[in-house]
Amino acid sequence: MRITLKVWRQPGPDQPGRLVEYAAEDVSPGMSFLEMLDVVNEGLIAKGDDPIAFDSDCREGICGTCGFLIDGLAHGPVRATTVCQLHMRSFKDGDTVTLEPWRAKAFPIIKDLVVDRSAFDRIIQSGGYTSINVGGAQDGNAILIPMPTLEQAMDSAACIGCGACVAACKNASAVLFTSAKVSHLALLPQGQAERYARVVHMVDRHDGEGFGSCSNEGECEAVCPKEISITNIARMNREYFKATLLRGR
Ligand code: SF4
Ligand code: FES
């Protein structure tokens, strides 16, 4: 296949960017999208040009490092799929595909398709942990948790922190991410000690980082590669309400 790429090129955070056209030749349908970009980059390097900067690590859909907009869709056209797990068989010979970085004030562009997602790290640092001693793995196994609760907690814990939910939201809100992190600890016995302080600190940090508010658009759930449910947002709002009653703020 031959694919025409229109790629957002921006040399640095404070420099202007623009869409630049490249031809991806001899693209195999079995290639992943990132492998196709690797080949394009090899061609650019061979010509002495600057390769297209993009993030990736595991390339197995588990680390949350990759992600950009493909024709305006976070992670591209296939549901529940990270860009590293997207294959070129999802495109047709002759297609023109536009690649842009996540667009959100709280995710400043570093270069080309790479954005700074350290705001997510700071939300986690503000409360996404337990400080109690839960013992070794065998002690964890001794704490009986009802299966439906365990499954809900595991579903929430599946969030990989990719940022697609922010990129898809018209408010650039990160409440799907924040609520997934709040939920998985609020559901488990190990998370109870800091349960109410956690939700207040994480929501405050979310707002302080410049993410927008939720207006129930549902775009976040639609693009999430891990199918994190917006029921997590409802749970986080209930947790926050209870916390404000208990803490008097
Ligand atoms: S909620 Fe989904 S889209 Fe948002 S950061 Fe987590 S995995 Fe990515
Ligand atoms: S590179 Fe790890 S999820 Fe895509």
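Ala168 has its place in helix α5, which covers residues 164-168; helices here are DSSP runs of H or I with at least four residues, strands are runs of E with at least two, and both are numbered from the N terminus. With a relative accessible area of 21%, Ala168 is partly exposed, a class that lies between buried (under 20% relative accessible area) and exposed (over 50%), as found with a 1.4 Å probe on protein chains only. Leaving aside its neighbours within four places in sequence, Ala168 is in contact with Glu219 and Val223, where contact means heavy atoms within 4.5 Å. The C-alpha atoms of Ala168 and Glu217 are separated by 9.8 Å, although these residues stand 49 residues apart along the chain.

The model is predicted, and local features need pLDDT of at least 70, while side-chain atom pairs count only at pLDDT 80 or more and totals for chains, interfaces and linings use all residues. Residues are numbered from 1 along each chain as its sequence is written, chains are lettered from A and ligands numbered from 1 in the order in which they are written, and side-chain values use heavy atoms, with hydrogens and water left out.

Turning to the whole protein, one finds 9 helices and 7 strands, and a C-alpha trace that spans about 60 × 40 × 30 Å along its principal axes. Of its 249 residues, 46% count as buried. Among the contacts with a separation of 6 or more, 70% are accounted for by residues 24 or more positions apart.

In soluble globular proteins, nonpolar side chains tend to be buried together. The largest nonpolar core of this protein has 65 residues, and those with the most contacts inside it are Leu5, Phe33, Met36, Leu37 and Phe68; such a core is a set of buried Ala, Val, Leu, Ile, Met, Phe, Trp, Tyr and Cys residues joined through side-chain atoms within 4.5 Å. Helix α1 (residues 33-46) supplies the largest share of this core, namely 6 residues. Beyond its neighbours within four places in sequence, Phe33 is in contact with a set of residues that includes Phe68, Ile70, Val83, Leu86 and Phe91.

The loop between α1 and β3 (69-70) holds Arg59, and Ala53 lies in that loop as well. Arg59 counts as partly exposed because its relative accessibility is 26%, and its phi is near 55°, a positive value in a residue other than glycine.

His75 counts as buried because its relative accessibility is 0%.

Finally, there is ligand 1, and the residues around this ligand include Phe120, Cys159, Cys162, Cys165, Cys224 and Pro225, each having a heavy atom within 4 Å of it. The shell around ligand 1 divides into 10 nonpolar residues, 2 polar and no charged, where Ala, Val, Leu, Ile, Met, Phe, Trp, Tyr, Cys and Pro count as nonpolar, Asp, Glu, Lys and Arg as charged, and the others, Gly among them, as polar.
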